[in-house]
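Student: I have a model open and want to know what stands behind the terms used for it. Can we go through them one by one?

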Amino acid sequence: MAEETLLSDDFLRQLMGVGEVDLMVGIPTHNNAQTIGATVAVVEESFRQNFTRDRVVIVNVDGGSRDGTPDEVLKSITETHPSLRGLTSLRTIHRITTRYTGGPSPGGALRSILAAADLVRAKACAVISPQSPGLDTNVVKNLLQPAYRENFDFVAPLYSRHKFEGLLARLVLYPMTRALFGRGIRELHSTDFGFSGKLATQCLGEDVWGEDPVRKSPEIWMVISAIASGLNCGQTFLGPKVQPATTSGTDIVTAIRETVGALFWCLESHQDFWTRVANPEPVPTFGPDHELTTDTVRINRKRIYELFQKGVTDLSPILKTILTDQTRTEVERIAALDERNCRIENQLWVTVVLEFATAYHHNVMNRDHLLQSFVPLYRGRMYSFLAEHHSSTPDEIEKDTEKLCLEFERQKPYLLETWKAK
Amino acid sequence: MATGTDQALWYKDAIIYQLHVRTFYDSNNDGIGDFPGLMQKLDYLQELGINVIWLLPFFPSPLRDDGYDIANYRAIHPNYGTLEDFKAFLAAAHARGIRVIIEMVLNHTSDQHPWFQESRSTRDNPKRDWYVWSDADDRYKGVRIIFLDTELSNWAWDPVSKSYYWHRFFSHQPDLNYDNPEVFEEMWDVMKFWLEIGVDAFRLDAVPYLIERDGTNCENLPETHAVIKKLRKRLDESFPGRMLLAEANQWPADVRAYFGDGDEFHMAFHFPLMPRIFMAVQLEDRKPIIEILEQTPQIPENSQWCTFLRNHDELTLEMVTDIERDYMYDVYARDKTMRLNLGIRRRLAPMMDNDRRRIQLLNLLLMSLPGTPVLYYGDEIGMGDNVYLGDRNGVRTPMQWNGGWNGGFSGADPERLYSPLISNPVFGYQAINVEAQKRSPHSLLYWMKRLIEVRKSSRVFSRGTIEFLQPSNHRVLAYVRQFGTEKVLAVNNLSSSAQAVELDLRNYKGSIPVEMVGRNLFPRIGDLPYLLTLGPYQSFWFRLRRI
């Protein structure tokens with residue numbers, strides 16, 4: 001029986017028409033008819049301004065939109081013909097679209113994008129979300145140039161954020177990746193990132209696409225794979241992180257499942273690598289480093305505190321199977337404190353995270369349930385952070401984050417010991 | 001030459017061969033080509049298949065701009081022969097069915113022309129107002145300088161008449177003043193002189209610049225068009241069937257005006273198309289060609305674009321964007337010696353790195369895109385250039401007839417030649433010459449002859465419409481030319497690698513493509529996309545037959 005193929009005949013035909021390219025931008029969509037036109041327009045304009053002589057293609061991979069998104073991709077005529085004099089761009093800017101199989105998922109979309117990148121031999125690629133309100137031509141340029149001109153293989157974004165945004169990254173993903181994998185990637189989980197054709201081909205060949213963490217957060221797996229393969233990873237500043245107006249935000253349970261879960265899974269799949277990493281190395285950054293803003297925002301800290309308390313109480317039997325007695329006892333003690341005194345400090349927090357990672361590795365329980373039970377503890381840490389830093393400056397927050405990173409590094413031997421224990 | 005409705009449009013079916021008499025063949029061994037020599041080579045041109053010769057200026061001139069600085073409009077420069085020699089050549093050309101276009105530089109003369117000598121002599125000379133004089137050099141502010149490499153201003157100080165005169169080109173080429181009716185009448189009289197001798201057409205040099213007005217860019221002014229209309233009217237009344245060809249290096253929309261309502265020029269060069277053909281092949285992308293042709297306006301039924309790859313001037317990059325110009329410099333003129341006046345002073349073959357396939361592809365495009373094609377002398381054998389000869393002289397070297405003495409161009413001492421021959425091992429006359437190529441049926445010369453033959457076999461190319469196909473493979477430029485019921489499909493691979501292309505030919509369903517060179521049948525067109533595979537730089541011309 002013929003093997004099922006990732007690429008439809010129509011997609012293959014379109015790729016044949018495109019031929020070899022220097023640069024590719026992949027845009028995964030699912031019911032984004034409202035915004036995709038503007039996204040494509042910005043990408044095209046960036047090609048015209050910044051990559052005038054290069055062979056380029058925009059590849060839309062669609063998860064089965066019912067609102068006509070693919071038609072909008074092909075329909076958007078972005079060349080304004082300001083006058084009848086001369087060309088608007090030297091080369092044809094291709095736009096192609098395909099529907100990927102398996103239902104909408106970031107992993108399915110990325111896999112199709114990687115396949116396209118491989119077949120058109122793109123030297124550098126970027127994935128752009130069709131819902132990035134802050135997207136401008138510089139974003140596209142900044143994601144492509146490091147891979148295209150500076151030989152980087154993965155390019156993560158850096159943003160200017162409010163000091164209380166992106167806490168999952170600040171409190172778990174960034175310090176853990178830095179300590180364990182030796183590279184401090186600030187935005188491990190992002191809808192906009194860049195990569196080299198070499199990395200695309202490598203990742204495409206991996207037999208991981210059926211795994212849930214890769215389906216949900218493929219870019220986390222991708223950057224960890226790049227790090228573990230010794231490829232060049234960098235970060236590039238994209239400006240303010242603007243949240244789409246229409247989304248209500250991913251709920252915290254889903255966020256933790258998809259990000260922390262993916263990172264834990266990567267610990268498993270790349271244990272040969274991180275168990276040997278000694279000291280972290282700095283990650284080259286293009287443009288300004290990330291920035292923190294300190295505008296006043298209203299956050300219901302009390303609610304977070306209450307959810308932490310309730311979660312610890314309700315999940316006590318489950319936490320017994322995940323955490324050591326000492327760690328669990330300490331967590332429960334802190335959860336019983338009043339709001340003013342309830343603080344999960346760095347040392348305890350890192351221990352909690354690493355014990356969860358170990359429990360994940362040892363399959364002490366259903367992994368999805370394990371990740372869900374991490375949520376209240378994360379809320380506790382989040383509450384502590386918000387309380388401690390409600391009037392902190394960006395510098396103070398960065399200093400605290402650095403301490404957290406160092407704590408992860410300090411406890412890495414503990415993780416190694418428990419990881420290998422039977 | 002016979003006239004009549006169809007013959008009146010002879011220029012549409014023309015294959016024009018451009019040459020300077022000085023470069024072609026020297027009959028009296030003084031090192032300079034001449035009209036008797038050119039006449040001796042008419043058989044070669046007839047055999048090549050061209051049917052019009054366009055001669056670069058041959059008038060008496062101090063030759064500071066290769067003859068475009070005319071000192072006498074009604075004579076032949078003694079270097080090239082006599083007026084009788086010219087008449088003999090003309091008759092011989094006509095006898096072979098070859099028409100002749102000559103240059104007519106309307107815009108300016110040499111400063112050695114008696115008219116200018118008179119004009120400058122005193123302020124009340126009758127010919128004073130034949131040129132554009134001014135006491136100050138501040139009129140017509142902001143008007144661009146065309147010869148940027150040599151001129152700092154469009155005004156030059158004349159120490160004789162102690163005033164400034166206007167010149168859009170070299171300072172030794174003062175502009176004539178067409179606001180003076182006497183100038184127009186005199187130039188018409190000059191043209192009549194040559195028309196009565198029998199020349200078939202004029203290429204009017206530098207026409208956009210005839211008239212100046214303050215507050216304008218002094219180009220393409222309505223008054224200029226009025227002058228042209230008047231000329232055309234006189235031509236049609238007194239010499240029907242003769243032709244005016246405009247040299248107007250402008251965007252297509254601006255050149256359009258020079259056709260008028262069919263009452264100005266018969267033909268005009270499509271300058272913006274030419275660099276884009278070169279760009280498309282280097283980019284391996286059809287976009288530059290399609291875009292410029294889609295921006296090209298419709299012209300009157302009795303008008304025609306004139307297309308070319310290279311000519312006696314630098315490959316002009318005036319009508320391209322800065323991005324395009326930078327690209328062209330980078331890929332075709334990396335050595336700055338190759339650049340002149342916002343252009344590239346190289347020949348076709350060296351620009352194509354002597355890649356026979358690319359040379360052929362460009363000629364195929366020239367012959368199949370809309371317009372009357374012009375071949376520059378020597379390009380049919382792939383002549384090279386010498387960028388170190390100064391100005392544009394590197395593309396005006398002697399024609400290479402054989403591998404012997406002076407490349408067969410002249411019996412003079414080599415040191416006496418008007419220009420050194422190209423002599424390097426790749427493009428030199430020993431390697432590239434007519435005699436050698438006549439001996440091989442696989443030479444570029446033979447191929448060009450065959451190409452011209454195929455082109456002339458159908459009026460689809462000279463008079464037909466064009467419909468671009470837009471296959472997803474942008475490296476393939478495909479279009480259908482149609483004239484009446486006749487249709488030709490041209491498919492060109494612009495890239496250096498083999499390509500597959502699927503063409504949507506449903507509109508031609510049922511037609512049988514017949515390849516026009518080998519006349520072999522290809523599968524009938526059906527409902528499905530028509531798949532073709534092409535080798536690097538390969539082209540197909542298919543006649544679409546319905547039987």
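Student: How far apart are the centres of domain 2 and domain 3 of chain B?
Tutor: Taken over C-alpha atoms, those centres are separated by 55 Å. This is a predicted model, in which local features need pLDDT of at least 70 and side-chain atom pairs count only at pLDDT 80 or more, while totals for chains, interfaces and linings use all residues. Residues are numbered from 1 along each chain as its sequence is written, and chains are lettered from A and ligands numbered from 1 in the order in which they are written.

Student: Where do the domains of chain B lie?
Tutor: Domain 1 covers 5-107 + 180-456, domain 2 covers 114-166 and domain 3 covers 464-545. Such bounds come from an automatic or database domain assignment.

Student: Why is Arg416(B) called partly exposed?
Tutor: Count C-beta neighbours, with C-beta atoms placed from the backbone. A residue with 20 or more others within 10 Å is buried, one with 12 or fewer is exposed, and anything in between is partly exposed. Arg416(B) has 13 inside 10 Å, so partly exposed is the class. Arg416(B) sits in the loop between E13 and helix H15 (434-438) of chain B. Its C-alpha atom is 39 Å from that of Met279(B), 137 residues away along the chain.

Student: What makes E1 and E2 of chain B a pair?
Tutor: Two strands pair if DSSP finds at least two bridges between them. Strand E2 (residues 52-55) of chain B is joined to E1(B) by four bridges, and the two run parallel. One pairing puts Gln18(B) opposite Trp54(B) in E2(B). Strands themselves are DSSP runs (E, at least two residues), as are helices (H or I, at least four), numbered from the N terminus.

Student: Which residues point each way from E1(B)?
Tutor: Ile16(B) and Gln18(B) point one way from strand E1 (residues 16-19), Tyr17(B) and Leu19(B) the other, and all are buried. In a regular strand, side chains alternate between the two faces of the sheet.

Student: In what order do the strands of the chain B barrel close?
Tutor: Eight strands close in the order E1-E2-E3-E7-E8-E9-E10-E13, with parallel pairing. Neighbouring strands are turned by 25 degrees against each other on average, direction ignored. E1(B) and E13(B) run parallel and share three bridges; Ile16(B) has Val374(B) as its bridge partner in E13(B). Strand E10 (residues 304-308) also pairs with strand E13 (residues 372-376) in the parallel sense, over three bridges. There, Thr307(B) has Pro373(B) as its bridge partner.

Student: Why is H6(A) called roughly parallel to H10(A)?
Tutor: Helix H6 (residues 167-181) and helix H10 (residues 252-269) of chain A pack at about 10 degrees, with axes 11 Å apart. That angle makes H6(A) roughly parallel to H10(A). Angles under 35 degrees count as roughly parallel, over 145 as roughly antiparallel, 65 to 115 as roughly perpendicular and the rest as oblique. Axes are lines fitted to C-alpha atoms, for helices over the stretch in contact, and angles run from 0 to 180 degrees between N-to-C directions.

Student: Which residues of H6(A) meet H10(A)?
Tutor: Among them are Leu168(A), Val172(A) and Met176(A); their partners in H10(A) include Ala255(A) and Leu263(A). Contact requires C-beta atoms, placed from the backbone, within 7 Å.

Student: How many residues of chain B are in contact with chain A?
Tutor: 19 residues of chain B are in contact with 13 residues of chain A. Helix H11 (287-294) and helix H12 (322-332) of chain B each supply at least two residues of that chain B side.

Definitions and conventions:
Two residues are in contact if their C-beta atoms, placed from the backbone, lie within 7 Å.
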